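Dear colleague,

Please find the structure below, followed by a short account of what was found in it. I would be grateful if you could read the two together.

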Amino acid sequence: MQGEITVTLYSPFRDLVGCRQVSLSAALPLQAGALLRLLGERFPKLAPYVSPTGEGGAAVMLIVNDRMAGPEDLIQPGDEVFLCAQICGGCRRAMGKPGDQEWRMHAARGGWHA
Amino acid sequence: MAGGFMGKILWADLTSGKLWDETLPEQMYRRYIGGYGIAAALAYERQRAKVDALGPENLLTFATGLLTGSGAPSACRFAVAGKSPLTGTWGDASCGGYFGAELKGAGYDAVVVQGTAAHPVYLSIVEGKASLRDARALWGLDVTATEDAVQAELGDPEARVVLVGPAGEQRSLIAAVMHDDGRAAGRSGLGAVMGAKRLKAIAVRGTRPVPVADKRRLTELRNAFLQFVKESGPPISKILPQYGTAGNVANNLTLGASGVRNWALAGREAFPEVEQITGDNVIKYQLRRYACEKCSIACGGIFDVPEGPYPVRLGHKPEYETLAGFGTLCLNANVESIVKANELCNLYGVDTISASTVVAFALECYEHGILTREQADGLELTWGNHQALVALTEKICRREGIGDVLADGVKVAAERIGRGAERFAIHIHGQEPGYHDAKLCPSRGTAYVADPTPGRHTAGGAATAEFGRATAPQPGIDLPKIERYQYTGKGEVQAAWSNHKQIVETSGLCLMPANWGYRLDEFIAAVSGWDFTVAEMLLTGERIQTLRHAFNVREGLRPADFKLPDRLIGKPPLTSGPTAGVTIDIDTLVREYYQAMAWDVETGVPSRDRLQKLGLGELVGNLA
C-alpha cells in the first residue's frame, strides 16, 4: 500500500533541510532502515548522517510512536516518526596521517597493561 | 620544565594569611597532567583521611589543565577540587571561561587553599604577585556584583574572577564556584567549601605566555582538527554553535535521555510541550553568542528577557541540563521561568542540576502530601506551576523558609522532611545526577555509580559507544563494538573511555569536542614536548582515576555505598516511552568495570599489582 510518512526533524537536521517536518511517499509498511535510505536520497544534505557508512553515519536514531526503532522495525501508516541526533561524539575515522601508530587494546590479551 | 606548564603552584593558608610558591617536579605533571589530577595527588599526599569537608584541613584546589591557554582548540578549562561536602567523596568540578588561561598568565598552574580565614577575604594574583585582601564589604553580594566590585577594586575590568555567591557563603551543599557571571564549576558542592573558608573570590591577571614545545605542530594539529570537524563532525558539532546545548532538549527527551516528572517518566509523550523549551524558542532571547578562551564553538549566549513576569537583563543562556531540570523534570513548559531560575542560580551561585532536582523532589513530596502548602511557605507546588518553581528556586538560593530545608540537596532534604520522602530523592551518594538516563545508555549508570565523584553525567564512559556511532573516544584507540543493552564484556571498554576522559579533564579540554576526532595525545605531545603516546595517555588516565577512587577508599567508603536510584535502573520498568520495558543490570556493569580497573568489588581496594604498574604503590600501597 502506497502511503505518506511524516518525519519530524530535530536540529541539526531541520536546519540542513530547512523545515521542521518532511513527508515521503513510500510503500507501507516500510522498514526503518529503508526510511533512512529514502531520507538520504530525497534530502542529500542528510545523506552523510543517515547512511551507516557516511562520515556522520549512524549518528541518528528513529523514534517511532515514542519507541526506539531498529533498522528492521516496520513503520505503519499514521505512525509518528522523529529523526533524532545521537548526542555524542566519537571517531569513525582517524584524523591523523596514514601510518600513525595504531595502539590496540584487546581485553583478552590483558588490556593495555599487556 | 615541559611546555604547557608555568612550573609553580601557589599555596594560600587562610588561617595564618601566609602565601607561598611551590615548584612541582616535571615528573608530577607527567604523572597527573594537571587539573584535578594534580589536585588529587596533592590531596592524597598532604591531607589526612576523613577531614571535615567544610573544615580548615580540606584542601581546595583551583588547577589549570596542561593544554589550558596553550592555543589548543577548546582547551580553556580549569578544575576546582577537594573533598565534597555534598557526597563525602572526592569532589571536583570543571569550568570554562577565561580564568584558567589567565591564571597561567599570572604565572601559576594551580592555587591550593587551606585553612579558614578569620573574616571574609579574597585572593588577588596579578602578574605573579599574590595577596590576600579584605572581602568583608563583598560578603553577601551576588555573583555579578562581586565580580564587578573586585574588578573595580583592582582597577582592572579584565581581571578574571572565580567566586562564591550568597549560597556558598551560607554553605549550601549544592553551591557552585562561579566565574564570568554565568559559568559554574557546579558539581560536588565545592562552593560551600569556598564559603566555609570565607574565601569570597580569587581574582587573577597576567600576561605571561604559556610555553609551547612545538608551535608548528600545534598549529598543524589545530588546523587539521578544525577542518575535520567542519567536514565530518557529528551532529552535535552543528548544533552547538547555533543553539548551544539548548538545542538538544526536545531531541534528548524524544530519545529518552531526559528525566520527566522527577524521573518517573520518559519520552516525548510524557511531556509533549517540550518544543516550547528547546532550540529557537530558547535562543529567541539571545542577544549575542560568546565563547570560552580559544574556542571556535562559542556555545554560550547572553540573554535578555526585557518584559513579562520573569525579566532577565543580560543573563546567560540556560544549558540543556538546566532546561531539562527546570523543564521536563518539573513538567514546566514556560521557557522564561527557566531562564529566570537559571539566572537566580547564577546570581546566588547554585548548581542548576542539583537545584532543579530538589525542586522536582519537592513537587513530588507535595503531590503525595509529604509537604503541605503551609510547610511550603504557601507555595502551591504542583507540576508545571512555573510561578511556584521560580519562587521555590529563589528560596533555595536564599536558604529561606522551605528553601533552607532543601538547600543541601535531595538526600539531606529527605532526611530533614522524613515521612517517606526518601522515595522521591533521586541522587547517588548525595549528588543529583545529570539528565542523561541510564535506561537509555546503561554505561551512564556505571559512571554515576562508579566514578569517584558520583552522579556525574560528564563521566559517561562508554555511553557514547552505546549510541553506536563510535567505538572509541579518539583515533588511535581500537575497542570492540558494544551493544546498548549488553551487560557482560563491557568493563574494559568502560575503563578505556573513562581513562581517556581523565586526560580530557586534566588537560583542560572541553568535553564537547573531546570525542570529535581530537588527537589528544598528539596535542599534549606538541604542547609539552613529551613523547606522549596513546598507551601512556590511557595509563596516565587510569592512574588519575585510581587515585581519585583511592581517596574514597581511604575515606572508608565501599562500593556498596553507591546505589543507582531505582528510577534510573528501571525498577519497575516504564510502561511507555522509548525506554519502556528496560531494566538495566547495573550490578554486572559496575562489577566488570571494577574488575577492569583491578579494584576489589567488595572493598574497592585497588590491587597491589595494578598499583605498582600505575606507579602508585608508594602513595596508595597501604590501602592494598
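Along its sequence, chain A runs β-α-β-β-α-α-β-β-β-β-β, that is, 3 helices and 8 strands; helices (H or I, at least four residues) and strands (E, at least two) are DSSP runs, numbered from the N terminus. The model is a predicted one, in which local features need pLDDT of at least 70 and side-chain atom pairs count only at pLDDT 80 or more, while totals for chains, interfaces and linings use all residues. Residues are numbered from 1 along each chain as its sequence is written, chains are lettered from A and ligands numbered from 1 in the order in which they are written, and side-chain values use heavy atoms, with hydrogens and water left out.

Of the 114 residues in chain A, 50% are buried (under 20% relative accessible area, with a 1.4 Å probe and protein chains only). Contacts (heavy atoms within 4.5 Å) between chain A residues at least 6 apart in sequence join residues at least 24 apart in 51% of cases.

In chain B, the axes (lines fitted to C-alpha atoms over the stretch in contact) of helix α19 (residues 491–507) and helix α24 (residues 586–597) come within 8 Å and cross at roughly 65°. α19(B) is therefore roughly perpendicular to α24(B) (65 to 115 degrees). Residues making this contact include B:Gln494 and B:Ser498 of α19(B) and B:Tyr593 and B:Met597 of α24(B).

Elsewhere in chain B, helix α7 (residues 215–232) holds B:Arg216, which counts as exposed at 58% relative accessibility (over 50%). The C-alpha atoms of B:Arg216 and B:Asn342 are separated by 42 Å.

Yours sincerely

Methods: Axes are lines fitted to C-alpha atoms, for helices over the stretch in contact, and angles run from 0 to 180 degrees between N-to-C directions. Angles under 35 degrees count as roughly parallel, over 145 as roughly antiparallel, 65 to 115 as roughly perpendicular and the rest as oblique.
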